Amino acid sequence: MNSLQLPIGEISEKTEIIRTEIREFLQQEKDRGTFVPKCDTWLSGFSPEFSRKLGERGWIGMTWPKQYGGHERTAIERYVVIEELLAAGAPVAGHWIADRQTGPLLLRFGTEEQRTEILPRIARGECYFAIGLSEPNAGSDLAAVHTRALKVNGGWTLNGSKTWTSGAHHAHYMITLCRTSPFNPEKRHEGMSQLLVDLTAPGITIRPILLTTGEHHFNEVFFEDVFIPDNMLIGEEGNGWKQGMTELAYERSGPERFLSTFPLLEELTNQLRSRGDKHLMAQVSKHVARLWTLRHMSIGIAHLLEKGETPDVVAALVKDMGTKFEQQVAEIARLLISSSPSLDSPNRLDQLMAQAVLHAPGFTLRGGTTEILRGIVAKGVIGK
């Protein structure tokens, strides 16, 4: 039996300086009316202008080499910036996926041409990516992917579809997991590759999947004889499963997995504090303690990523615990304070309650369902 261990997550006083800088920036933007804090804005808060402002300040691609537009800051410095953005409910969805996982994936597996062409644009907040993993019959069971790329002269012909593709209608590219060899039911994880797909290419159709709020965030993406040049293959042909799992470790480990509903938790705490209700504040404090624990676990993963490790098992654990936590924030708020959730309510708590309740069903689905994540953890701890 294996054990799960995480380094102690410490943030130095020097690193905390950047927290002051980002807080001052966010307060200035709120004062200007640039954005109104909302829940779940790392997926539903799209603002090209805001992304460009973050790029100008060096807060995208923070850990990447300077030669690719990065700033060679530490993973912990980046962590501080993104947790402040999430806590503030800032509109960061445009660049989020590209910064979180596309950049690190290209740095690790991409070609020099791909890095030089793509990474500086991401770091400027001008290039967005969608995730091309799930398919209609291959959601939680990702090994069932059937989207196929057939080798042709000078490249590949791509056919198939992807679903639940966050922000694909805004994105410039999608990293698409597909089969470049025939499907073998006995070796389902083999024969996959990752292609860097230009979403403006002929043969691509993007259709919206609307949220219960009416918002357009998710999409279906269809590929019909889409030509993908040879230089858009990421890494090695046939290595797609390993690369995809590396990408998911970046996706599952960050503070967005427990801070999606933080604006609601903050508003609830503020209202109870203003009432001087010590009993209810004690109830909220128990939840805040859980948040603090999750935060330290997530910072520990950031330390591992900085060392070049791929903490897929502990990332799955934090994602499982974190998304359950952020779902429970709305329930705790409902139990502790009277409210009438409505997106159109003039009451701040009611607005945030409505956002949290309507978005919450997706928290434990995106990035891997609870069942899949617990399977990963069990295999990692007990062994196959």
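This report walks through helices, strands and salt bridges in a predicted model.

## Ground rules

Because the model is predicted, local features need pLDDT of at least 70 and side-chain atom pairs count only at pLDDT 80 or more, while totals for chains, interfaces and linings use all residues. Residues are numbered from 1 along each chain as its sequence is written, and side-chain values use heavy atoms, with hydrogens and water left out.

Helices (H or I, at least four residues) and strands (E, at least two) are DSSP runs, numbered from the N terminus.

## Helix H3 and its buried face

Let us start with helix H3, residues 48–56, where Phe50, Ser51, Leu54 and Gly55 are buried. Here buried stands for under 20% relative accessible area, exposed for over 50%, and partly exposed for anything in between (1.4 Å probe, protein chains only). Looking down the axis of H3, these buried residues fall within an arc of 145°, so they line one face of the helix. The arc is taken from the directions that lead from the helix axis to the C-beta atoms.

Just after H3 comes Gly58, with a positive phi of about 80°.

S1 runs parallel to strand S4 (residues 173–179), and four bridges join them; strands count as paired if DSSP finds at least two bridges between them. Within S4, Ile175 is the bridge partner of Ile131.

Thr102 is buried, at a relative accessible area of 1%. Apart from neighbours within four places in sequence, Thr102 is in contact (heavy atoms within 4.5 Å) with Ile97, Ile122, Phe129 and Ile175.

## The S6–S7 hairpin

Strands S6 (residues 204–210) and S7 (residues 216–229) pair in the antiparallel sense, with seven bridges. Ile204 has Phe223 of S7 opposite it. Five residues lie between the two strands of this hairpin, and Gly214 takes a positive phi near 90°.

## Salt bridges

Side chains of opposite charge can pair when their charged atoms come close. A salt bridge here is a side-chain nitrogen of Lys or Arg within 4 Å of a carboxyl oxygen of Asp or Glu, and the whole structure holds 18 of them. One joins the side chains of Lys53 and Glu29, at 2.8 Å from N to O. Lys53 belongs to helix H3 and Glu29 to helix H1, so the pair ties together parts that are 24 residues apart in sequence. Lys53 is partly exposed at 25% relative accessibility, whereas Glu29 is buried at 0%.

Another salt bridge links Arg73 and Glu77, whose closest N and O atoms are 3.2 Å apart. Arg73 is partly exposed at 33% relative accessibility, while Glu77 is buried at 12%. In helix H10 (residues 312–336), Arg334 and Glu331 sit three residues apart, about one turn of the helix, and form a salt bridge with closest N and O atoms 2.6 Å apart. Arg334 is partly exposed with a relative accessible area of 46%, and Glu331 is partly exposed with 38%. Finally, a network of salt bridges links Glu16, Arg19, Arg23, Glu83, Glu84 and Arg295.
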